[in-house]
Amino acid sequence: MTPQVEPVSDDKTHGQPFVDRFGRVHTSLRVSVTDKCNLRCQYCMPDTPITFHPTAELLTFEEISQVVRLLVPRGIRKIRVTGGEPLLRRQLDRLIAMVSSIDGVDDLAITTNGILLEEQVEKLVAAGLRRINVSLDTLQSSTFKVLARRDGLERVMAGIAAATRYQELSVKLNTLILRDINLAEVLELARFAADLKIPLRFIEFMPLDAERAWSEQRMVSGTELRERLESEFGTLLQVDTTDSSQPSADYVTGDGQLFGFISTVTEPFCGGCDRLRLTADGKLRNCLFSQQEWDLREPLRAAARTDENLHSLFDACLSAKYFAHGSPQSHLQPPQRAMYQIGG
Ligand code: SAM
Ligand code: SF4
């Protein structure tokens, strides 16, 4: 949906923090910088020819920074850059430098598939990046090729190795398990993370794949994965967190290795959701599963652009947020756009 831009109002209440009608304070923005990707993961993209957004339709780095600059006084503090594959966006380090220098941005992170990480990590760290999540679903090249439908595991591994050499960079791994493809590798992946002493988080497969092939049978719950890990690492102790917006339920082994479980399907954490999302083509969303979007690109580019117009759109987006899963019914209804088009 492309709502009408509200006329400039005299209302100067836009310094107010973002609290939705369920009392959730919003502090986090996920920014997708591209819908392109160099992989075609089964759980995300189609393997058929795709028409991506032409560059002119993507928000420029200046436009993204402008949105962040307006959101920070409203309480947004955490920015995660994602995609598609964010490292495919040319000169991404320039965006990192721009956003990391905005006063009030406390936390700036990237989620990447790692393919281009080895060659870009130095520039990204120099630009101010301090947190990165690398997706790693398998340690076998043959499985990688089936799951991601492209080659590239060696490059991902080189990217992880390069990233872990920077002490100032916190590296985490994200793993998505599909029952029919990589379930047998859970312990091997866990040992790999434990050897590197970096946290590994398991994300449940959500019905956000472009091919609409999601099924409960293919998804593996966080609980099932935790039980598997306990068979190797002993009882996992849940880490107490006061942060209810944290999507991951984190556990530690006796040796202090952290494993997290993002169980969006079996244990939704919507009650603590503090996130808004900005798509690469400039649409603001209040939920991954939202059926509605608010266009920021047009008002950002309008000759008569005013901050008030943009604040009105932020408010409209937040006030339309449902309690769970983007709909009044609260059940997982796939949105029109797939994960790579929204930004994971
Ligand atoms: N290309 C980057 C990557 O793969 O890390 C960033 C974008 S990707 C959409 C971000 C995260 O979303 C990845 O960790 C991926 O595993 C996850 N993801 C993609 N499709 C998903 C789905 N259908 N359900 C749950 N997580 C998904
Ligand atoms: Fe690309 Fe990431 Fe989607 Fe895989 S999960 S297809 S790497 S955007």
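How many nonpolar, polar and charged residues are in the shell around ligand 2? The shell has 6 nonpolar, 2 polar and no charged residues, where Ala, Val, Leu, Ile, Met, Phe, Trp, Tyr, Cys and Pro count as nonpolar, Asp, Glu, Lys and Arg as charged, and the others, Gly among them, as polar. Around ligand 2 stand Cys37, Leu39, Cys41, Tyr43, Cys44, Met45, Gly84 and Asn113, each with a heavy atom within 4 Å of the ligand.

This is a predicted model, in which local features need pLDDT of at least 70 and side-chain atom pairs count only at pLDDT 80 or more, while totals for chains, interfaces and linings use all residues. Residues are numbered from 1 along each chain as its sequence is written, chains are lettered from A and ligands numbered from 1 in the order in which they are written, and side-chain values use heavy atoms, with hydrogens and water left out.

Helix α2 covers residues 92-100, and its buried residues (under 20% relative accessible area, 1.4 Å probe, protein chains only) are Leu92, Leu95, Ile96, Met98 and Val99. These residues span an arc of only 165 degrees around the axis, so they sit on the same side of α2. The arc is taken from the directions from the helix axis to the C-beta atoms. Their cover includes α1 (61-71), β2 (78-82), β3 (107-112) and α3 (117-126), where contact means heavy atoms within 4.5 Å.

In helix α4 (residues 141-148), Thr143, Phe144, Leu147 and Ala148 are buried. Viewed down the axis of α4, they fall within an arc of 110 degrees and therefore line one face of the helix. The buried residues of α4 pack against α5 (153-164). Just after α4, Arg149 has a positive phi of about 55 degrees.

Methods. Buried < 20%, exposed > 50% of the residue type's maximum accessible area, 1.4 Å probe, protein only. Helix = DSSP H or I, 4+ residues; strand = E, 2+ residues; numbered from the N terminus.
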